[in-house]
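Here is a short briefing to read alongside the model. Keep the sequence and the 3D view open as you go.

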Amino acid sequence: MTQTLRETSSIDVGCYRAYAGAIGSSPAWQGVLAAAVRVATTEATVFLQGESGTGKEVVARLIHQASPRKHGPFVAINCAALPEQLLESELFGYERGAFTGAQQSKAGHIELAARGVLFLDEVSEMSLTAQVKILRFVQEREYQRLGGTRLQKADVRIIAASNRDLGDAVERGTFREDLLYRLQVFDILLPPLRDRLSDVPLLAEQFLADCARTMHRRIPALRDDALDALLAHDWPGNVRELHNVLERAAILADGDIEYRHLSLRRRMRALSPASDLSIVERGTIERILHETGWNKTKAARRLGLTRTQLYGRLKRYGLEADSTDVALA
């Protein structure tokens with residue numbers, strides 16, 4: 001993975017494990033990395049949008065590491081995890097006596113991120129009151145601690161992220177349009193894992209290596225049936241779900257990882273069960289055929305089908321069947 005990042009950005013990323021989630025050779029993911037590296041050398045505010053688990057904080061940390069601020073702090077705060085008043089006190093800090101229990105002054109995340117990066121995760125969940133205050137900071141780089149009267153300045157770069165469309169939030173009246181424009185100076189859309197399935201084997205290899213290192217075991221291999229299942233899964237939880245599935249499998253398996261070691265939960269679809277299964281089966285057969293160069297012998301073996309069963313499905317789904325293929329065992 002270190003080689004992939006260096007080829008893309010010429011960055012010495014140091015400990016490659018910190019960037020395990022940034023692995024990927026698919027065009028969609030390479031586009032994300034290229035955009036991240038390009039904007040990293042500037043001071044532009046960056047907005048990352050993508051489903052939960054797609055690696056927004058990983059990309060934010062990569063931007064920080066590739067920027068002139070890499071020797072400064074990277075401070076992250078999840079705006080959805082804290083109630084309104086607590087979020088404001090964590091962001092801006094507070095003076096002694098600002099509220100009940102404030103026995104002494106405390107620096108906020110903005111102050112702690114001086115000369116570095118402040119990562120605002122799930123910024124769409126920030127209250128309108130907090131949005132007004134963060135807007136002033138984004139515009140002027142000025143802020144006040146809660147209970148304070150003195151304006152303070154901080155040299156901080158902002159990277160914000162959300163799993164929601166902020167344009168929709170503006171229309172609903174839950175997000176300020178002026179703040180949206182300030183945050184979306186340079187936006188990067190992170191693709192869901194289901195749109196970059198070719199990266200699954202690379203991610204799996206790195207995640208299993210990390211698990212083996214932590215558990216002091218040899219790195220387990222993925223059997224074909226396990227890899228096929230990973231490639232057929234729709235990954236509603238994205239890269240985070242893949243990591244969790246493989247960590248659990250590594251704990252359960254004494255040796256190599258097989259399909260039975262995987263815990264995969266499928267997302268409910270609007271289609272009928274019969275239609276859904278047909279779509280999944282057709283897609284799996286077509287993918288295996290492509291991976292085996294349309295060698296029906298190998299494809300049938302990987303699919304666990306007989307010759308008659310495979311050709312019946314090829315006919316049912318309108319997939320080309322070549323009569324010159326070697327007879328299936």
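This is a predicted model: local features need pLDDT of at least 70, side-chain atom pairs count only at pLDDT 80 or more; totals for chains, interfaces and linings use all residues.

Residues are numbered from 1 along each chain as its sequence is written, and side-chain values use heavy atoms, with hydrogens and water left out.

**Aromatic pairs**

- Searching the whole structure turns up 2 aromatic pairs (rings of Phe, Tyr and Trp, the last by its six-membered ring, with centres within 6.5 Å; planes under 30 degrees apart are stacked, over 60 edge-to-face, the rest tilted).
- Phe74 and Phe119 form a stacked pair, because their ring centres are 6.0 Å apart and their planes meet at 25 degrees.
- This pair links distant parts of the chain, 45 residues apart: Phe74 belongs to strand 2 (residues 74–78) and Phe119 to strand 3 (residues 116–121). Helices (H or I, at least four residues) and strands (E, at least two) are DSSP runs, numbered from the N terminus.
- Phe74 counts as buried at 15% relative accessibility, and Phe119 does so at 0% (buried is under 20% relative accessible area, exposed over 50%, partly exposed in between, with a 1.4 Å probe and protein chains only).
- Phe137 and Tyr143 have ring centres 6.1 Å apart and planes at 80 degrees, so this pair is edge-to-face; both residues are buried.

**Charges over rings**

- Arg141 lies over the face of Phe137, 5.4 Å from the ring centre (NZ of Lys or CZ of Arg within 6 Å of the ring centre and within 35 degrees of the ring normal).
- Arg196 places its charged end over the ring of Trp29, at 3.9 Å from the centre.

**Helix 4**

- Helix 4 (residues 84–92) has buried residues Leu87, Glu88, Ser89, Glu90, Leu91 and Phe92.
- Their cover includes strand 2, helix 5 (109–112), strand 3, helix 6 (128–140) and strand 4 (142–143).

**Strand 6**

- Strand 6 (residues 156–162) is largely enclosed by the rest of the structure, because 7 of its 7 residues are buried.
- One side carries Val156, Ile158, Ala160 and Ser162, the other Arg157, Ile159 and Ala161, and both faces are covered.
- Strand 1 (residues 46–49) pairs with strand 6 in the parallel sense over 4 bridges (pairing takes at least two DSSP bridges between two strands), with Val46 opposite Ile159.
- Strand 3 also pairs with strand 6 in the parallel sense, over 5 bridges; Leu120 has Ala160 as its bridge partner.

Definitions and conventions
Contact means heavy atoms within 4.5 Å.
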